[in-house]
Amino acid sequence: MTGTLLQIRNLECFYGPVMAIRGVSLEVPEGRIVTVLGANGAGKTTLLKTISGVMDPAKGDILVAGASIAGRDPDRIVKKGVVHVPEGREIFPLLTVNENLAMGAYSRRDGGVDADREMIFGYFPILKERLGQTAGTLSGGQQQMLAIARGLMAGPRVMLLDEPSLGLSPLLVNDIFAILRRVNAERGVTMLLVEQNARVALEIADEGYVMELGRIVMEGPAERLQQNTDIQEFYLGAEQRGLRGERRWKRRKSWG
Amino acid sequence: MESGTLETLQLIVSGLANGCVYGLIALGFALIYKAAEQVNFAQGDLMMFGAFVALGLANESHMGLPFWVACIGAIAVMAALGWLLERAVLRQVFGQPQIAVVILTIAIGFLLRFVAGIIWGHDPLTLESPIAGVNQHFGTLVLGLDELAVIAVTLALTGLLFGFFSRTRLGIAMQASSQNQLAAYYMGIPVKRIHGLTWALAGAIAAVAGILFASKGSIDPNTGLLGIKAFAAAVIGGFGSLPGALAGGLIVGLIEPFAARYVASGYSQIAPYAMLILVLLIRPRGLFAQVHAKKV
Ligand SMILES: Nc1ncnc2c1ncn2[C@@H]1O[C@H](COP(=O)(O)OP(=O)(O)OP(=O)(O)O)[C@@H](O)[C@H]1O
Ligand SMILES: [Mg+2]
């Protein structure tokens with residue numbers, strides 16, 4: 001039996017007067033993959049931002065291995081072993097692949113950085129080939145790999161992954177999720193995986209939560225959620241593609 | 001050599017020397033803009049203040065320290081001042097509209113001119129530098145050692161900065177947080193500390209620019225107003241581009257002596273701004289604007 005690595009208790013978050021997280025509690029056991037599913041605007045990204053410290057919670061607590069990190073600065077939270085792989089990749093476009101990876105290890109002072117870089121090339125051989133290439137010129141899939149690899153360079157205990165499947169072809173999604181599963185199994189990296197693509201997320205996750213309008217509305221082992229008819233209808237159904245297309249368009253617009 | 005070519009060469013060297021000072025001030029603008037998206041209208045006044053600090057440390061009538069000690073002292077003082085300004089003032093308006101920053105930095109500029117006037121008075125003073133007024137003869141060509149030194153120091157500083165930004169962890173982290181601030185936060189890069197360090201670096205560069213400027217002529221508290229020309233230089237180069245800032249400075253510096261020589265005196269003053277308008281018409285984002293639009 002393993003303990004809880006990341007615990008969230010009654011979290012509440014606001015954007016000005018808008019309440020985006022309305023009392024969320026969840027637990028991520030050490031060494032597991034836990035997924036948070038939810039439609040557009042459910043508050044998934046907000047949840048991850050609050051954990052990684054770029055947003056402060058209004059109420060509630062966030063514990064890593066029993067110690068509270070709520071409201072700390074992001075650099076201190078990274079040092080606690082929590083790293084956020086953001087939605088939309090957010091690589092450093094004008095830096096090279098190698099420099100992007102080095103920035104992933106920015107907070108580290110230990111000697112394991114070089115060994116970790118080699119380990120990461122084992123998972124993402126394409127990045128080794130592209131070391132000197134400007135990251136902004138990589139393809140979307142390669143950028144997503146770089147974003148994950150950069151996160152791994154921090155030597156995380158727990159990785160917060162925000163929609164790594166976003167905008168990728170089904171083939172690439174399968175590749176990347178297979179790698180995530182391997183990283184979890186082989187390196188023991190705990191993962192909190194936020195997804196709209198419930199099918200692939202539930203395939204690699206041990207446990208899942210469903211979020212709607214800032215609240216957790218359902219939780220359970222991944223197999224049970226896969227069987228659940230509501231989830232099948234809303235997240236595993238055929239309308240998923242259209243919904244995703246529309247959502248991406250909206251996001252572009254709001255990014256300006 | 002013919003006297004015409006000689007004169008042209010001399011104009012070019014003195015234009016380049018001025019351009020180096022503009023370029024260094026423009027570099028300060030660009031650095032801070034890139035790192036923190038803050039437009040620092042006090043950069044010219046920081047240059048003036050750095051020059052006075054060096055003068056206060058070096059001149060016999062003041063502290064009379066050895067020239068090189070005074071230079072290092074002035075650079076250290078200005079770096080500390082830059083850091084302090086960010087820490088105590090700019091950080092308070094972080095996330096506020098750009099206009100708040102603009103007004104604040106204009107106010108800082110006024111304050112620096114005021115304080116410089118109180119400490120060093122309003123009469124023009126000259127920095128007692130070992131290179132001031134010494135001429136270097138190349139056959140029939142006579143160039144000011146001060147002007148050559150300005151060009152050499154600017155080249156060296158540019159090389160140093162290039163190495164810093166492309167080779168050191170901190171330099172790359174500065175680039176990273178300017179390209180994608182949010183991602184820098186996610187990677188545990190202490191973005192706010194980086195802003196402070198960027199201001200410190202801009203202060204140090206302002207001190208170097210000030211020392212170079214004061215080596216070529218006299219200074220008074222209003223000297224910093226030439227920051228406006230450096231601002232034009234930064235825009236010509238593509239605001240936020242470091243090589244562009246230097247190139248813009250050199251362009252403005254080179255235009256001036258030739259305009260003064262060949263254009264009617266009433267019009268030569270506006271040459272840098274005419275250039276600015278021309279560049280903006282042809283390349284609205286400046287000559288060296290980076291293609292990637294910022295996200296955050
Ligand atoms: N910067 C912001 N300012 C104000 N409201 C915001 C901001 N960002 C998000 N919101 C709101 O907070 C709620 C949750 O947004 P969030 O981005 O966390 O959703 P999400 O589940 O990640 O959605 P998606 O699947 O589209 O990424 C939404 O209603 C959104 O409109
Ligand atoms: Mg999101």
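In the predicted model, Asn135(B) sits opposite Gly144(B) of strand β2(B). The two strands involved, β1 (residues 135-138) and β2 (residues 141-144) of chain B, pair in the antiparallel sense over four bridges. Pairing here asks for at least two DSSP bridges between two strands, and the elements themselves are DSSP runs numbered from the N terminus, with helices being H or I over at least four residues and strands being E over at least two. Two residues lie between the strands of this hairpin, and Gly139(B) takes a positive phi near 60 degrees there. This is a predicted model in which local features need pLDDT of at least 70 and side-chain atom pairs count only at pLDDT 80 or more, while totals for chains, interfaces and linings use all residues; side-chain values use heavy atoms, with hydrogens and water left out. Residues are numbered from 1 along each chain as its sequence is written, with chains lettered from A and ligands numbered from 1 in the order in which they are written.

Chain A has a hairpin too. Strands β1 (residues 4-15) and β2 (residues 18-29) of chain A run antiparallel and are joined by nine bridges, with Tyr15(A) opposite Val18(A) in β2(A). Two residues separate these strands, and Gly16(A) has a positive phi near 60 degrees. On to β4 (residues 59-64) of chain A: five bridges tie this strand to β1(A), again antiparallel. Gln7(A) faces Leu63(A) in β4(A), and Ile8(A) faces Ile62(A) in β4(A). Put together, this gives an open sheet of four strands in chain A, ordered β2-β1-β4-β5 with antiparallel pairing. Its edge strands are β2 and β5 (67-68) of chain A, each pairing on one side only. Helix α1(A) packs on this sheet, touching β1, β2 and β4 of chain A, and its direction makes about 115 degrees with that of β1(A). Contact means heavy atoms within 4.5 Å, and axes are lines fitted to C-alpha atoms (for helices, over the stretch in contact), with angles between N-to-C directions running from 0 to 180 degrees.

Another open sheet in chain A has six strands in the order β6-β7-β8-β3-β9-β10, with mixed pairing. Since β6 and β10 (215-221) of chain A stand at the edges with a single partner strand each, one side of each is left without a neighbour in the sheet. From one strand to the next, the twist averages 15 degrees. Within this sheet, β3 (residues 33-38) and β8 (residues 190-195) of chain A run parallel and share five bridges, with Val34(A) opposite Leu192(A) in β8(A). Helix α1(A) packs here as well, touching β3, β6, β7 (158-162), β8 and β9 (207-212) of chain A, at about 150 degrees to the direction of β7(A). Helix α6 (residues 140-152) of chain A also packs on the sheet, touching β6 and β7 of chain A, and its direction makes about 170 degrees with that of β6(A).

Buried means under 20% relative accessible area, with exposed being over 50% and partly exposed in between (1.4 Å probe, protein chains only). Just after the helix, Gly53(A) takes a positive phi of about 90 degrees. Thr45(A) (OG1) and Glu87(A) (OE) coordinate the magnesium ion (ligand 2) at 1.8 to 2.5 Å. This pair links distant parts of the chain, 42 residues apart: Thr45(A) is in helix α1 (residues 44-52) of chain A and Glu87(A) in the loop between β6 (82-85) and α3 (97-104) of chain A. Both Thr45(A) and Glu87(A) are buried. Donors are N, O and S atoms within 2.8 Å of the metal (3.2 Å for Na, K and Ca), and water is not among the atoms, so sites may look incomplete.

Back in chain B, the axes of helices α6 (residues 169-179) and α8 (residues 191-216) of chain B come within 10 Å and cross at roughly 110 degrees. The two helices α6(B) and α8(B) are therefore roughly perpendicular; angles under 35 degrees count as roughly parallel, over 145 as roughly antiparallel, 65 to 115 as roughly perpendicular and the rest as oblique. Leu170(B), Ala173(B), Met174(B) and Ser177(B) in α6(B) meet Val191(B), Ile194(B), Leu197(B) and Thr198(B) in α8(B).
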